[in-house]
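Keep the structure open beside the text as you read.

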Amino acid sequence: MVRYQQADAAATTVLIEQLSPQLYRFFAAQLGSPEDAQDMLQDAWLRIHRVRHTYRAGEPLLPWVYAIARCVRVDNYRKRRRIVTRELVMETLPEPAIQTEEVTDLPPFSQLVADLPASQREVLTMLKVNGLSLEEVARATSSSVGSVKQKAHRAYQRLRAVLQPSGAGKGTEA
Amino acid sequence: MNRREVTQGELEHLIDAQELPPLAADRLKQIESAVIADLRPVRPMASDAVYVGAFAGIFIAVCIVSCYLIAGRDGWEALSNLQRPVVFVSLIAIGSLLALSLVRQMRPAAKYTRTTAVFAAGVFILLLAAVALIFQPKQETAFAHDSLVCFRAGMMFAIPTAILFGIVLWRGAALSPALTGATAGGLAGLAGLTVLEIHCPNMNVYHIVVSHLSVVVVCALAGFIFSSVTFSRRWSNH
């Protein structure tokens, strides 16, 4: 990272190649769409590039990178929401989506976390998909370790509720 | 198909086993070339101590300049032995917390950025409560006029302070511009409030709340709005 700040092209390439797959997983796990995740990855790198001077040598790199990535995700979400709202006003309301996928015993991860609040989904993704520690997630999200633990715990509780046996949770019968 | 009870272990395994589509190689190359095309050396941000020093220096300088521009320290002298430490210790505590929060907000992933700002807001509310307790209401014939004069004087010192803070903040504050603006505005307003507490001899509790303490609130709001527009655009990719 320090060599990236010093404009070392080779070090920059290595850094991008090492961090991009992780960042991509961070976006893809929450968005579900690979195309959107790649667009957001590009946005994240442009933002990282613009604020690279804010990194200080000796500080942990991953929380710094993820703090920027989550900021890009939030900005993008707001932008998309504005566009969707405008489109809804301009056009007729869309027809309800038709459920085409079969309900399996355990649904895929992206479908599972889609029901979680954004903050819980984000914490769970950083912890489980990106493998960050509690301390790193706390720094990246500008919160305390206790708050991260609480969000992760609540996320697990909600996921378990979604996967409850027939009658207890929603959509339990195929 | 009926779903069965899912254990914590199964849930974690499900998350661990999650497979995501791979990242397209051409997109990665595109990112690399975009970044490398604009590659030039940058100077890393200075240490937190340097920025805390800069904010404290500006704050103190504004208070000193006010003593040259406004003759006398009527406010300081009018305060009782109880009021003086309560007011000025609170101002120092709020100022230190806001400066610390501001410095932490300048770089991504710094610890306790929001907590410090919230704590500073808490101390400000305590100051408000303390003012209500230790100052007495008094009848004033020109309450509105006097309040406006003091408010204007407070803003006269707060605005240049905010501009100087903006210059210091220019290289940072990339992630939460609105919060940073509110914090910087609050700190600049606090400089205006300090000047008023040094110079204004009016000890009417309503006057202090309406024309002195409101400088901080108005500056924080103005900073929030201004920074949301300017700093957001500065760091945005779009």
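Among contacts in chain A between residues at least 6 apart in sequence, what percentage join residues at least 24 apart? In this predicted model, the figure for chain A is 61%. The chain has 174 residues, and 37% of them are buried. Its secondary structure consists of eight helices and zero strands, so that, by the DSSP runs used here, the pattern along the sequence reads α-α-α-α-α-α-α-α.

Now pick out one pair of these helices. In chain A, α2 (residues 9-31) packs with α6 (residues 118-129) at an angle of about 135 degrees, and the two axes lie 10 Å apart. Because of that angle, α2(A) counts as oblique to α6(A). The crossing of α2(A) past α6(A) is right-handed. On the α2(A) side, the contact is made by Arg25(A), Phe26(A), Ala29(A) and Gln30(A). Facing them in the contact, α6(A) supplies Arg121(A), Glu122(A), Thr125(A), Met126(A) and Val129(A). Sorted by class, the residues of this contact are four nonpolar, two polar and three charged.

Let's move to chain B and its helix α8, which covers residues 177-199. How far apart should the ends of α8(B) be, at 1.5 Å a residue? The expected span is 1.5 Å times one less than the number of residues, so the 23 residues of α8(B) should span 33 Å. Is α8(B) mostly covered or mostly exposed? Mostly covered: 21 of the 23 residues in α8(B) are buried.

Terms used. Residues are numbered from 1 along each chain as its sequence is written. Chains are lettered from A and ligands numbered from 1 in the order in which they are written. This is a predicted model: local features need pLDDT of at least 70, side-chain atom pairs count only at pLDDT 80 or more; totals for chains, interfaces and linings use all residues. Helices (H or I, at least four residues) and strands (E, at least two) are DSSP runs, numbered from the N terminus. A residue is buried if 20 or more other C-beta atoms lie within 10 Å of its own, exposed if 12 or fewer, and partly exposed in between; C-beta atoms are placed from the backbone. Two residues are in contact if their C-beta atoms, placed from the backbone, lie within 7 Å. Axes are lines fitted to C-alpha atoms, for helices over the stretch in contact, and angles run from 0 to 180 degrees between N-to-C directions. Angles under 35 degrees count as roughly parallel, over 145 as roughly antiparallel, 65 to 115 as roughly perpendicular and the rest as oblique. A crossing is left-handed if the near helix is turned anticlockwise from the far one by less than a right angle, and right-handed if clockwise. Ala, Val, Leu, Ile, Met, Phe, Trp, Tyr, Cys and Pro count as nonpolar, Asp, Glu, Lys and Arg as charged, and the others, Gly among them, as polar.
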